[in-house]
Amino acid sequence: MKRRAAVKIAYSGEGFAGSQVQPGFRTVGGEVLSDIMRISGATANRIDMKFAGRTDKGVNALGNVVAFSTDISDDVVLLKALNAVSKSIFYRSAATVSDVFNPRHATERIYRYVLPAIGIDLGSATECASMFEGEHDFIRFCKPSDKGTVLNMRSVKIFGNNDILEIEFRSEYFLWNLIRRIVSAISAVGRGHASSDDVERALNGEPLSFGLARPDALTLVDIVYEGIEFISPPDTFGGRIEEERFRLSLKNAFFDSL
């Protein structure tokens with residue numbers, strides 16, 4: 001294999017059992033590996049694919065990152081070849097990286113969660129969101145794993161209109177279920193079902209739970225690496241976006257007719 005490439009991928013989480021390869025399940029990682037093998041004819045061992053991070057079942061991505069070895073030296077050719085064979089993954093941009101590049105070691109990860117605004121007090125929700133910024137022990141807001149539970153949340157910002165609230169999270173990394181549990185807490189406070197004091201107590205380690213928000217409203221927006229520039233050539237998808245939009249319009253027309 002001539003080089004290591006890093007590619008930013010997008011996908012709807014619907015129909016996937018998460019991003020991590022799992023035998024017997026349809027996963028993002030499984031489809032990406034299959035696409036790379038189809039255009040290269042190489043084995044999985046030679047490709048040596050590595051993901052920047054996992055997304056849970058139902059979670060979407062606009063900028064997850066996968067690194068792999070390839071004989072295709074031109075990024076534009078690589079992206080067009082991958083999009084030509086892919087059914088569900090959109091290969092958005094690419095960069096050449098060093099042999100020791102690990103996509104898990106990112107400068108920043110950006111997530112977005114979308115909530116219906118009806119019934120939520122924006123002021124209360126915004127005040128609650130700010131409580132999660134900075135360094136905290138998030139043991140009450142994540143699923144236990146072998147990782148530590150202390151991290152520095154760089155920002156939690158809410159952008160709203162009359163119908164939708166978008167909550168943007170920025171951090172170097174995130175813990176399992178962290179965002180969905182934080183969103184559930186913000187929603188509870190914004191709807192008056194919990195107080196900021198309850199959230200503060202949980203951040204101080206008291207065994208309180210605010211539930212787990214739905215996965216399909218969560219999107220991994222982007223992953224940033226210092227010193228790496230990804231190129232995004234025009235017309236990368238070859239008409240796939242237009243086809244997906246038409247399919248969506250057909251579905252919307254059906255539900256509008258009910």
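**Strand pairing, charged contacts and local backbone features**

Glutamate 135 stands opposite asparagine 152 of strand β7. This pairing belongs to a predicted model, in which local features require pLDDT of at least 70 and side-chain atom pairs count only at pLDDT 80 or more, whereas totals for chains, interfaces and linings use all residues. Residues are numbered from 1 along each chain as its sequence is written, and side-chain values use heavy atoms, with hydrogens and water left out.

Strand β6 (residues 134-137) runs antiparallel to β7 (residues 150-160), and the two are connected over four bridges; strands are taken to pair if DSSP finds at least two bridges between them. Helices (H or I, at least four residues) and strands (E, at least two) are DSSP runs, numbered from the N terminus. Strand β7 also pairs in the antiparallel sense with β8 (residues 164-171), over seven bridges. Within this pairing, lysine 157 has glutamate 168 of β8 as its bridge partner, and a hairpin of three residues leads from β7 to β8.

Salt bridges, defined by a side-chain nitrogen of Lys or Arg within 4 Å of a carboxyl oxygen of Asp or Glu, number 14 in the whole structure. Side chains of opposite charge can pair when their charged atoms come close. Aspartate 56 lies in the loop between β2 (50-51) and β3, and arginine 180 in helix α5 (residues 178-190), so the pair ties together parts that are 124 residues apart in sequence. Aspartate 56 is buried at a relative accessible area of 19%, and arginine 180 is buried at 11%; here buried denotes under 20% relative accessible area, exposed over 50%, and partly exposed the range in between (1.4 Å probe, protein chains only).

Other salt bridges lie within single helices. In one of them, arginine 201 and aspartate 198 meet at 3.0 Å, N to O; both residues belong to helix α6, where they are three residues apart, about one turn of the helix. Arginine 201 is partly exposed, with 33% relative accessibility, as is aspartate 198, with 21%. A salt bridge also joins glutamate 244 and arginine 247 at 3.3 Å, N to O. These residues are separated by about one helical turn because they are three residues apart in helix α7. Glutamate 244 is partly exposed, its relative accessible area being 33%.

Glutamate 206 is located in the loop between α6 (196-203) and β9 (218-224) and is partly exposed at 34% relative accessible area. When residues up to four places away in sequence are not counted, glutamate 206 touches Arg140 and Arg201, contact being heavy atoms within 4.5 Å. The C-alpha atoms of glutamate 206 and arginine 140 are separated by 7.6 Å, although the residues are 66 apart along the chain.

In helix α3 (residues 75-85), the buried residues are Asp75, Leu78, Leu79, Leu82, Asn83 and Val85. They pack against β1 (3-11), α1 (28-40), β3, β4 (90-97) and α7. At the start of α3, a side-chain oxygen of aspartate 74 comes to within 2.8 Å of the backbone nitrogen of valine 76.

Serine 69 is placed in strand β3 (residues 60-70) and is buried, with a relative accessible area of 12%. Its side chain makes a polar contact of 3.0 Å with that of arginine 4. A polar contact is a pair of N or O atoms within 3.5 Å; within protein, one must be able to donate a hydrogen and the other to accept it, and residues adjacent in sequence count only if both atoms are side-chain atoms. Beyond residues up to four places away in sequence, serine 69 touches Met1, Arg3, Arg4, Arg46 and Ile47.

Most residues other than glycine have a negative phi. Aspartate 48, however, has a positive phi near 50°; this residue lies in the loop between α2 (44-47) and β2 and is partly exposed, with a relative accessible area of 34%. Asparagine 177 likewise has a positive phi, of about 70°. Asparagine 177 occupies the loop between β8 and α5 and is buried at 11% relative accessible area.
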